[in-house]
Amino acid sequence: VFDMDNVEAWTEEYKGLMKTNVYCRIRPIGKDGHDIGQAVDKQLDGWTEESVFVKGHKREEYTWPSIVLTPEAEQEETFKAVMYDPVDAWIMNATNVMLFAYG
């Protein structure tokens with residue numbers, strides 16, 4: 001467990017590791033839109049380049065993404081945004097990388 005009061009000490013220990021990035025890709029809507037399904041507790045209510053807004057009981061802003069890829073983002077743009085740094089770290093620096101995709 002990291003001691004959050006001593007952040008500088010443990011960040012120095014892990015210097016040289018890649019920064020963790022979190023990407024959020026807003027799924028493109030199909031030609032026919034979305035099918036009407038069951039009611040959901042939360043739904044997408046908008047986004048900026050660095051945050052996502054979700055509407056539920058109240059409107060919440062999630063600022064954890066490093067970058068938000070919009071529905072207009074092409075596959076190539078998405079690949080370049082997400083994969084270039086990990087692939088570079090793996091090939092050039094022999095650094096282990098992990099990619100986790102959900103959704």
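Author: Welcome! Buried means under 20% relative accessible area, exposed means over 50%, and partly exposed lies in between (1.4 Å probe, protein chains only). The model is predicted, so local features need pLDDT of at least 70 and side-chain atom pairs count only at pLDDT 80 or more, while totals for chains, interfaces and linings use all residues. Residues are numbered from 1 along each chain as its sequence is written, and side-chain values use heavy atoms, with hydrogens and water left out.

Reader: Happy to be here. Is Ser51 buried or exposed?

Author: Ser51 sits in the loop between β2 and β3; strands (E, at least two residues) and helices (H or I, at least four) are DSSP runs, numbered from the N terminus. Because its relative accessible area is 3%, Ser51 counts as buried.

Reader: Which side chain joins that of Ser51 in a polar contact, besides Thr48?

Author: A polar contact is a pair of N or O atoms within 3.5 Å; within protein, one must be able to donate a hydrogen and the other to accept it, and residues adjacent in sequence count only if both atoms are side-chain atoms. The Ser51 side chain makes one at 2.9 Å with the side chain of Thr48. Another, also of 2.9 Å, joins the side chain of Ser51 to that of Glu61.

Reader: Which residue of β3 stands opposite Trp47?

Author: Two strands pair if DSSP finds at least two bridges between them. β2 (residues 43-47) and β3 (residues 52-55) pair in the antiparallel sense over four bridges, and they form a hairpin with four residues between them. In this pairing Gly46 has Phe53 as its bridge partner, while Trp47 stands opposite Val52.

Reader: And on the β4 side, what is the bridge partner of Val54?

Author: β3 and β4 (residues 59-62) run antiparallel and are joined by four bridges. They form a hairpin with three residues between them. Within β4, the partner of Val54 is Glu60.

Reader: How many residues make up the largest nonpolar core?

Author: Such a core is a set of buried Ala, Val, Leu, Ile, Met, Phe, Trp, Tyr and Cys residues joined through side-chain atoms within 4.5 Å. In soluble globular proteins, nonpolar side chains tend to be buried together. Here Cys24, Ile26, Val52, Val54 and Val68 form the largest core, and the residues in it number five.

Reader: Which strands do the buried residues of α2 pack against?

Author: The buried residues of α2 are Thr78, Val82, Met83, Pro86 and Ala89. Taking contact as heavy atoms within 4.5 Å, these residues pack against β1 (23-25) and β5 (67-69).

Reader: At which residue of α2 does the kink lie?

Author: α2 has 19 residues and reaches 26 Å from its first C-alpha to its last, close to the 27 Å expected, where the expected span is 1.5 Å times one less than the number of residues. The bend at a residue is the angle between axes fitted to the seven residues ending there and the seven starting there. A kink of about 45° comes shortly before the proline Pro86, at Met83.

Reader: One last thing: how does Val87 count by relative accessibility, buried or partly exposed?

Author: Val87 belongs to helix α2 (residues 75-93). Because its relative accessibility is 30%, Val87 counts as partly exposed.
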